[in-house]
Amino acid sequence: MRNLSTDLNHLAINTATIKQWSLEQIVEGCYARGIRAITPWRHDIEKAGLAIARSWFKDAGIAVSGYCRGGFFTTSDEKDPLAINENRRALEEATELGAAGMALVVGGLPNGSKDIEGARAQVVEGIAALLEYAKVLKTPLLIEPLHPVLAADRACVNTLRHALDICDELDPDVSGYLGVAFDVHHLWWDPELQAQTQRAGKGRLMAFHVCDWLVPTKDVLTERGMMGDGVIDIPKLRGWVEAAGFDGLCEVEIFSAKDWWTRDGGEVLDVCIARHRTAV
Ligand code: ZN
């Protein structure tokens, strides 16, 4: 396994972790601490302006480790079936930023629907349509399986096996433009996780998101813990992805309405660095 305790070369910060700061503050805060990769959200880029945000990243020597996010293929909007136009725009932004890829939160059940099989079929259709464009733009798509409690409202793809099945169906040759985001918060509980991680291999493992699972967790969406504060054996999971060939970044992604979002952004970044060294 890689040694993370000596440098910050493998650390990335998802901007949602420091929601209390603007994108410009996050870039400055990361730069000052030697963090060299950031994954922004679309609303950050919209607020800052794409060209300006890109210049901040460039001037600070900070790589764009990902882009949050595309997906929500199951939204039933007649004007944009499968949300393809919206996803194409997001993918163009990711490309202009030079992002390493774009995460897909695939969407849950359409309003009023009880048809999860139908929703899953829509997801496959949507990703298939978007994948062609991803190849043109040369920006990979990362399916992010979410914890099953979020199946109805956010993502009806809930296991690594399911995400990989979709990858294999749509991209049997492992083109490098379709893979998965492995988020410890969503996947840690799965008894098949080690075997499926091995199956994924280097060709599909495109991102590794870290935080922790607190006990109790009342709100799966906004109550994530700092690495080391919960029950996930993060080094074990990192060992699995690295044994499978993953050599990318460990991206800290913490949604924490009651704790980390209420603290000073600089303190949050300092703790992220410390825990990256000791608990990831
Ligand atoms: Zn994630």
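This is a predicted model: local features need pLDDT of at least 70, side-chain atom pairs count only at pLDDT 80 or more; totals for chains, interfaces and linings use all residues.
**View 1. Leu 82, a residue with positive phi in the loop between β4 and α4**. Leu 82 is placed in the loop between β4 and α4, the helix of residues 84–97. Although Leu 82 is a residue other than glycine, its phi is positive, near 60 degrees. Because its relative accessibility is 12%, under the 20% limit, Leu 82 counts as buried.

**View 2. Val 174, a residue with positive phi in the loop between α6 and β7**. The loop that holds Val 174 runs between α6 and β7, the strand of residues 178–183. Val 174 is not a glycine, yet its phi is positive at about 50 degrees. With a relative accessible area of 38%, Val 174 is partly exposed.

View 3. Glu 144, in the loop between β6 (141–143) and α6 (160–170), and Glu 253, in the loop between β9 (250–252) and α10 (265–278), form a pair that links distant parts of the chain, 109 residues apart. Both Glu 144 and Glu 253 are buried.

**View 4. The cis peptide bond between Cys 68 and Arg 69**. The bond that joins Cys 68 and Arg 69 is cis, with omega at about -5 degrees. Arg 69 belongs to strand β4, which covers residues 67–71.

**View 5. The cis peptide bond from Val 215 to Pro 216**. Pro 216 is found in the loop between β8 (205–210) and α9 (234–243).

**View 6. Gly 266 in helix α10**. Gly 266, which lies in helix α10, has a relative accessible area of 5% and is therefore buried. When its neighbours within four places in sequence are left aside, Gly 266 is in contact with Trp 21 and Arg 33. The C-alpha atoms of Gly 266 and Val 105 are separated by 29 Å, and the two residues are 161 residues apart along the chain.

Conventions
Residues are numbered from 1 along each chain as its sequence is written. Side-chain values use heavy atoms; hydrogens and water are left out. Helices (H or I, at least four residues) and strands (E, at least two) are DSSP runs, numbered from the N terminus. Buried means under 20% relative accessible area, exposed over 50%, partly exposed in between (1.4 Å probe, protein chains only). Contact means heavy atoms within 4.5 Å.
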